[in-house]
There are 2 protein chains.
Amino acid sequence: MSDPSSAIARLNALVGEVVDLRNAAALVGWDERVSMPPGGVAVHGDMAATIQRIAHEKFTSAELGHAIGAAARELESLPPDSEPKRLVNVTARDYDRAVRVPSEYVEEHAYVASAAHQAWKEARAQSRYGIFQPHLEKVVRLGQQYAGFFQPVAHPYDALIDPYEPGILTSEIQEIFDVLRPRQVELVRAIQERRVEQPSFAEAYYDEHEMLAFSTEVISAFGFDWNRGRQDKSTHPFATPIGSDDVRITTRFNNRHPFEMLFAAMHEAGHALYEQGVSPAWNRTLVRGGASLGMHESQSRLWENVVGRSLPFWQHFFPHLQRRFSSQLSGVTLETFHRGINQVRPSLIRVEADEVTYNLHVMVRVEIEIAMLTGAISTDDAPAYWNAKMKEYLGTVPDTDANGILQDMHWSIGLFGYFATYTLGNLIALQLWQTYTEDDPQWAERMQRGDFRTLREWLRAALHQHGRGYQPRDLVTRITGHSVSTEPYLEYLESKYGELYGVSPAARA
Amino acid sequence: MSDPSSAIARLNALVGEVVDLRNAAALVGWDERVSMPPGGVAVHGDMAATIQRIAHEKFTSAELGHAIGAAARELESLPPDSEPKRLVNVTARDYDRAVRVPSEYVEEHAYVASAAHQAWKEARAQSRYGIFQPHLEKVVRLGQQYAGFFQPVAHPYDALIDPYEPGILTSEIQEIFDVLRPRQVELVRAIQERRVEQPSFAEAYYDEHEMLAFSTEVISAFGFDWNRGRQDKSTHPFATPIGSDDVRITTRFNNRHPFEMLFAAMHEAGHALYEQGVSPAWNRTLVRGGASLGMHESQSRLWENVVGRSLPFWQHFFPHLQRRFSSQLSGVTLETFHRGINQVRPSLIRVEADEVTYNLHVMVRVEIEIAMLTGAISTDDAPAYWNAKMKEYLGTVPDTDANGILQDMHWSIGLFGYFATYTLGNLIALQLWQTYTEDDPQWAERMQRGDFRTLREWLRAALHQHGRGYQPRDLVTRITGHSVSTEPYLEYLESKYGELYGVSPAARA
């Protein structure tokens with residue numbers, strides 16, 4: 001990129017080392033969940049802690065801070081959009097955030113999270129919130145302390161969202177929720193009233209290996225690059241990049257939910273396509289990777305839901321699936337199958353939620369986080385608050401705290417400010433989709449032929465290649481011409497589910 | 001082990017960090033050979049280089065040097081054999097060796113080895129030594145330079161053996177070779193003269209999965225701890241510890257050599273049992289691991305050859321094998337099978353060599369290394385030297401350099417001084433075995449019952465638990481009452497193969 005004695009080359013060498021260590025930490029994490037024998041827990045814990053600590057020390061060093069300053073001065077005359085300038089900007093932004101957080105805080109956070117996670121596992125197993133509550137109290141206090149490092153912010157929660165979704169404000173999220181909430185609640189209610197009986201094909205027995213083979217066929221058609229990635233089994237599906245050229249996804253099979261494996265594969269492949277699509281120019285820099293969690297989620301949800309649960313997709317793939325599972329699917333029509341995989345049912349559990357109810361689960365969590373953070377409610381009040389919100393938004397109340405406030409792992413590992421990114425992902429997916437389908441009027445015919453190349457290349461050119469080079473909100477505007485918006489998403493939801501369930505959008509007006 | 005403010009605790013913290021990084025490097029290496037998609041080469045190379053460099057910097061830091069000194073002073077009054085003292089001794093020994101080697105040398109070595117490895121691959125593929133020769137020249141010169149860092153030594157080669165086999169001298173290895181050579185050459189010659197026809201069962205088709213299942217049965221019986229280890233497939237079998245509680249072995253299947261998978265599994269399980277048997281007290285210290293490569297090889301060869309190619313072993317396992325491969329082995333007697341897996345045939349290739357010829361391959365390599373290092377021969381002369389030695393020791397001359405001097409990877413990655421450890425492993429295995437069978441007169445009956453617990457626990461108590469806590473030569477003396485000796489090995493070889501091939505040891509006198 002530049003001569004080795006330049007300031008930018010010096011910065012790249014220092015950052016490259018940090019990237020190498022973070023990649024190694026990612027590999028250790030992957031290994032822990034995929035390959036590690038049970039006895040390896042302690043040695044993996046030590047490895048991960050040491051690598052992460054050294055990476056943090058190196059990244060927050062004064063030497064690196066000076067290198068950023070020198071590189072910025074060296075590049076002063078370049079246009080703001082030039083590659084080296086974007087690289088320095090991303091590095092400077094990450095650096096500024098990292099140095100605001102004292103090492104003692106990082107260590108205390110790790111310590112609190114480790115204890116909280118143990119307590120949460122026990123609390124959930126026994127469905128006793130009381131076991132977890134004192135730990136959640138500490139997690140909330142750490143959140144408040146964290147927000148303090150970033151004063152002045154308009155809202156303390158802004159500081160907590162920022163690591164996951166740089167630049168978005170609490171007020172914007174609240175506005176988004178205020179638009180989504182009534183229309184999604186209404187749509188759920190209307191679908192519920194139809195009392196549509198669900199088809200029974202999903203209750204048959206499906207062979208795991210055949211389902212894996214079909215999933216592989218689908219994500220290969222999406223364009224997952226097996227030369228620069230792999231797929232394994234793990235307890236919970238996830239995607240993890242060890243750099244752009246080694247992107248790993250996992251899947252699982254559950255007899256009671258035989259299609260979960262397929263949709264999880266599409267979801268994780270969506271994440272992977274993003275990572276694999278980042279320009280090689282960003283290798284071994286902090287620009288590699290996704291622009292934000294919401295942006296990442298837009299890709300997984302686009303491939304899983306907008307593509308993978310659509311009619312044109314199954315017009316191509318349903319005959320393939322039927323050939324693999326002839327006895328289970330012989331009498332099933334395409335339309336029945338399509339409705340079956342788009343079943344709407346308010347459930348207690350977020351990870352089992354469908355497209356229509358998902359955001360409502362997210363709102364419960366984000367609203368409770370904000371309320372605890374600002375002291376509007378105490379951690380003692382949280383379960384009652386949770387249950388009341390579930391009743392209000394989904395019309396259902398958890399039978400136990402295990403199926404309620406204790407269901408998600410996030411708080412137990414100190415993730416606070418993360419949940420809204422799921423909803424942002426849903427919205428951005430449909431904004432991108434709308435722009436893509438305008439750009440490519442042949443999209444449906446292509447999909448009916450099983451051809452996803454145009455979509456994939458469009459996403460790569462518009463989004464993937466840039467990595468973290470632009471702020472997520474700027475990227476959305478750059479690609480779609482609009483800032484983050486609810487309309488394409490709501491239109492999609494009301495139109496798709498209106499048709500599937502015979503619910504006219506007009507009916508709700 | 002001690003209060004956290006003590007000097008020994010401070011040393012342990014610093015060393016623990018280095019151990020974590022080395023474990024991570026081992027994991028990256030394992031992943032590269034087992035899991036990595038092809039595209040991951042560059043990102044893995046960067047990770048490995050950065051981790052190793054940081055580990056080296058941290059290990060050779062002045063801070064760590066001072067911590068060793070402080071810990072040594074703190075422990076002055078303890079007996080020399082106490083655990084903390086052994087720990088400090090091992091650390092000091094490694095530190096003293098590491099700081100003698102300048103970083104510039106380490107970097108140049110990595111650079112030369114990387115280029116040499118590429119050249120070697122090409123040279124071997126084309127069987128053109130000339131492609132590799134200039135690189136070998138550099139490797140030899142680096143070897144000479146390395147020896148210079150350790151002056152005074154009795155022989156420059158002493159410095160090159162030391163990292164692999166601490167404490168052994170070139171003169172001792174030469175004496176050992178002088179005893180082994182005539183007796184092994186004579187034994188090979190005598191067996192050749194018998195012209196015993198080899199049984200044909202090994203030429204049948206064996207199912208890979210069934211062979212893997214049988215290998216697993218065998219190494220489970222040996223005591224491989226699946227809770228603290230795993231087995232995968234890779235191009236070349238190897239064993240790698242990510243600490244004592246996560247020890248990984250690999251295997252491979254080759255249709256043309258269907259039993260290779262089984263014996264490789266036993267071999268690697270032997271390495272793994274050593275690593276898994278190190279006392280947990282040594283976790284996260286430099287005392288963890290095997291005392292030397294020769295010591296390690298003694299364990300792999302003991303389980304593979306002394307146990308796994310013995311008659312009592314197959315008295316138990318042959319019926320199991322016959323049940324799994326009834327068509328291939330139905331007419332085969334135990335005796336025929338036993339002779340078949342102990343076939344002696346002078347070959348060109350070391351890794352295909354049998355127990356009787358193996359050391360002769362090693363001698364060719366070690367003698368050529370010493371001759372090049374001291375300048376007795378030039379790298380230009382090396383192929384002719386190689387072929388002459390092969391003729392002299394094994395009665396066979398390589399048809400090509402690919403099957404001769406270019407066959408082994410070692411020199412191409414800068415491993416110089418390594419080969420003798422294979423022969424030391426053979427000798428030590430039989431010394432340990434002799435002592436064990438004296439201690440446990442029931443050994444044969446146990447083996448005929450498939451019971452390996454007494455042997456395994458004996459090895460653990462005598463050897464494994466100590467890790468690197470004692471110098472290998474002291475360990476051998478401590479366990480067997482003798483220093484490294486050729487007699488148990490030669491007796492075993494002459495007796496076993498004398499019987500199998502009807503060659504009386506007296507005949508050679």
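Which helices of chain B do the buried residues of helix 20 pack against? In this predicted model, the buried residues of helix 20 of chain B pack against helix 11 (293–307), helix 17 (420–439) and helix 19 (453–462) of chain B. The residues in question are B:Pro472, B:Leu475, B:Val476, B:Ile479 and B:Thr480, which are buried in a helix that covers residues 472–480. Looking down the axis of helix 20 of chain B, these buried residues fall within an arc of 100 degrees, so they line one face of the helix.

Now for helix 20 in chain A. Here, too, the helix covers residues 472–480, and its buried residues are A:Pro472, A:Leu475, A:Val476, A:Ile479 and A:Thr480. Around the axis of helix 20 of chain A they take up an arc of only 100 degrees, which puts them on the same side of the helix. The cover over these buried residues includes helix 11 (293–307), helix 17 (420–439) and helix 19 (453–462) of chain A. Helix 20 of chain A is followed by A:Gly481, whose phi is positive, near 85 degrees.

Next come the strands. Chain B has an open sheet of three strands in the order 1-3-2, and the pairing is mixed. Strand 1 (229–233) and strand 2 (239–241) of chain B stand at the edges with a single partner strand each, so one side of each has no neighbour in the sheet. From one strand to the next, the twist averages 20 degrees. Five bridges link strand 1 of chain B to strand 3 of chain B (residues 247–251), and these two pair in the parallel sense. As for individual residues, B:Asp232 sits opposite B:Thr250 of strand 3 of chain B. A helix lies across these strands as well: helix 9 of chain B (residues 208–222) lies across strand 1 and strand 3 of chain B, running at about 155 degrees to strand 1 of chain B.

What does strand 3 of chain A pair with in the parallel sense? The parallel partner is strand 1 of chain A (residues 229–233), joined to strand 3 over five bridges. In this pairing A:Gly229 stands opposite A:Val247. Strand 2 of chain A (residues 239–241), by contrast, runs antiparallel to strand 3 of chain A, and three bridges join the two. A:Val247 turns up here again, as the bridge partner of A:Pro241. Strand 2 and strand 3 of chain A form a hairpin with five residues between them, and A:Gly243 in the turn has a positive phi of about 80 degrees.

The two chains also meet each other. In the contact between them, 36 residues of chain B touch 36 residues of chain A. About 2600 Å² of area is buried between chain B and chain A, with carbon and sulfur atoms giving 62% of that. Six salt bridges are counted between chain B and chain A. B:Arg53 forms a salt bridge with A:Glu17, and the closest N and O atoms are 2.6 Å apart.

A:Phe59 belongs to helix 2 (residues 41–59) of chain A and is buried, with a relative accessible area of 3%. Leaving out residues up to four places away in sequence, A:Phe59 touches A:Val18, A:Arg22, A:Leu64, A:Thr91, A:Asp94, A:Tyr95, A:Ala98 and A:Leu286. A:Arg124 is 65 residues from A:Phe59 in sequence and 37 Å from A:Phe59 in space, C-alpha to C-alpha. The other residue, A:His338, is found in helix 14 (residues 334–340) of chain A. A:His338 is buried at a relative accessible area of 9%. Apart from neighbours within four places in sequence, A:His338 is in contact with A:Arg309, A:Ser310, A:Leu311 and A:Leu500.

Methods: Residues numbered from 1 in each chain as written. Chains lettered and ligands numbered in written order. Predicted model: local features only at pLDDT ≥ 70, side-chain atom pairs only at ≥ 80, totals over all residues. Heavy atoms only, no water. Buried < 20%, exposed > 50% of the residue type's maximum accessible area, 1.4 Å probe, protein only. Helix = DSSP H or I, 4+ residues; strand = E, 2+ residues; numbered from the N terminus. Arc of directions from axis to C-beta. Contact = heavy atoms within 4.5 Å. Pairing = 2+ DSSP bridges. Axes fitted to C-alpha atoms, helices over the stretch in contact; angles between N-to-C directions. Buried area = accessible area lost by both parts, 1.4 Å probe. Salt bridge = Lys/Arg side-chain N within 4 Å of Asp/Glu carboxyl O.
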